[in-house]
Every structure is written in C-alpha cells, then in structure tokens.
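Trainee: I've got a model open and I'd like to go through the labels one by one. Can you walk me through them?

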Amino acid sequence: MYQSQKSPVIFKFFSWYVTYIIKKDFSSYNFNQLQIKENEAVLLLANHFSWWDGFLMFYLNKKLFKKQFHVLVTKEDYEKLWFLKYLGAFAAETKGKDVVQTLTYAGSLLDDPDNLVLMFPQGKLYTSYIGSITFEKGVMQVVNASRKKFQTIFSANLTDYFGGRRPEARSYLATWEAEEYVSLQLLKSEYNKHYGYAVKSQSKTI
C-alpha cells in the first residue's frame, strides 16, 4: 500500500500553492457552512468530475473542517503526481489483498476524530452532467472497517462560467446522519438526493 508521507516544509508549500491556483483559476469558490463535530472524524464523499476535485476538497478542509486531510487516490495518480503523498494521499499499490488492506486502513483513519477521509465513490472521472452518481463497493468496505463513530458529509461540486471569463466553483454540503444499518444502495440513494438538490440549486443561481 502507498501511504501518505510527512514533510512539514513540502506540505506548507503545496498548501499555499493549492490556495493560490484556486484563487487564480476560479473567479470564486463558495460553499455553505456546516456544524462540524470536533470529537468525530469526517468521511467526505464527493463527485469526481475534474482534476480540481481533490484540491478543492483540500482547500475546503483547510477552511471549514480543519482536520488532518487524507484522500484515497488511484495508483496512477499517486505515482504521477508525486506531491500528493505529502498532502495526505494514499493508494493501493496492487490489486487483490492490497486493495482490501488499503480500504481497511482508510476505515481505521475514521476512528481518529482528528482525521478527515475524502473518497470519490465513483472511483474514476465522470462528467458533472450525468444524472446519477455511481458508488463503487469500496465505500462500504471502508465504513465497515471502522468503528462507525464518524460523521458523513456529502459534497456536490459544480462549476459554471455564467458571465465571466473564469469559472465559479461551488460545493453544496450536507451532513448525513447514518442509520444503524447502512447499505451501499442507501448511501448511494441519499447522496444522489443531495446531488439532485445541488444541480437544481445551481440552475437557480443565474
């Protein structure tokens, strides 16, 4: 398993750089406020439609959640974008047992209230214009590998140019209170309700 690495100097530089490029390439980035429980970790589930997604969520954590940032990425991204490992990225190195080990590790991170774990349930990039967000089964493996004492946050990330040269980015956030029994289908259904709400709200901002 590829794990995240610690280097305060590299982290500090790229933390600044992520903020810089977001402000440079977007006319604005907005998100709604949530009440965050300090004594519980955060499982952040977001749609995956662009290269920017992880960086926007990193910035969001910096401004809102203020937790130790962790994100599950693909082996290809981990190897190609070398600096991601210093920003909390981890990945499965091989298929099979290593994938199970990686998902179990992600679940264990959720047992520490200081942590935030970002997952893209779709597993790969999809356009933001699709009507429904797919959920790979790995999400439930992470949930079941934890003590289930964390808070689940849905983020629907959307961008539009409207009348400007640079796009506007917005994250629609919602806290989901899990029931005692959580299934992949239930999690997918609840996230998609939120995603549908976000798309409708976005269309009203013009």
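Trainee: Which residues lie nearest the centre of the largest pocket, and how many residues line the pocket?

Mentor: Leu-72, Val-73, Thr-74, Lys-75 and Gly-123 lie nearest the centre, out of 39 lining residues. Before we go on, this is a predicted model, where local features need pLDDT of at least 70, side-chain atom pairs count only at pLDDT 80 or more, and totals for chains, interfaces and linings use all residues. Residues are numbered from 1 along each chain as its sequence is written, and side-chain values use heavy atoms, with hydrogens and water left out.

Trainee: What makes something a pocket rather than a cavity?

Mentor: Work on a 1 Å grid over the protein atoms alone: a cavity is a set of points where a 1.4 Å probe fits but cannot get out, while a pocket is an open set with protein on both sides within 12 Å along at least five of seven lines. A lining residue has an atom within 4 Å of a point. The largest pocket here has a volume of about 1,100 Å³, the volume being the space filled by probe spheres set on the points, with grid points joined across faces, edges and corners.

Trainee: Which elements each supply at least two residues of that lining?

Mentor: Helix 2 (53-65), strand 3, helix 3 (75-80), helix 4 (97-109) and helix 5 (138-144) do. Helices (H or I, at least four residues) and strands (E, at least two) are DSSP runs, numbered from the N terminus.

Trainee: How do you know that strand 3 and strand 5 pair?

Mentor: Two strands pair if DSSP finds at least two bridges between them. Strand 3 (residues 68-72) and strand 5 (residues 115-119) are joined by four bridges and run parallel, so they qualify.

Trainee: In which sense do strand 6 and strand 7 pair, parallel or antiparallel?

Mentor: Strand 6 (residues 151-160) and strand 7 (residues 168-176) are antiparallel, with nine bridges. Asp-160 stands opposite Glu-168, and Ile-153 is opposite Thr-175.

Trainee: Why is Ile-153 called buried?

Mentor: Buried means under 20% relative accessible area, exposed over 50%, and partly exposed in between (1.4 Å probe, protein chains only). Ile-153, in strand 6, has a value of 0%, so it counts as buried. Ile-153 touches residues including Val-42, Phe-65 and Ala-174, where contact means heavy atoms within 4.5 Å.

Trainee: And why does Phe-69 count as buried?

Mentor: Phe-69 sits in strand 3, and its relative accessibility is 9%, so the buried label applies. Among the residues it touches are Met-57, Leu-87 and Leu-118.

Trainee: What makes the Gln-151 side chain and the backbone oxygen of Lys-37 a polar contact?

Mentor: A polar contact is a pair of N or O atoms within 3.5 Å; within protein, one must be able to donate a hydrogen and the other to accept it, and residues adjacent in sequence count only if both atoms are side-chain atoms. Gln-151 reaches that oxygen at 2.7 Å. Gln-151 belongs to strand 6 and is buried at 5% relative accessibility.

Trainee: Why is Lys-148 called partly exposed?

Mentor: Its relative accessibility is 45%, so Lys-148 counts as partly exposed. Lys-148 lies in the loop between helix 5 and strand 6, and its phi is near 60°, a positive value in a residue other than glycine. Phe-162, in the loop between strand 6 and strand 7, has a positive phi of about 50° without being a glycine, and at 33% Phe-162 is partly exposed.

Definitions and conventions: Lists of a residue's contacts leave out its neighbours within four places in sequence.
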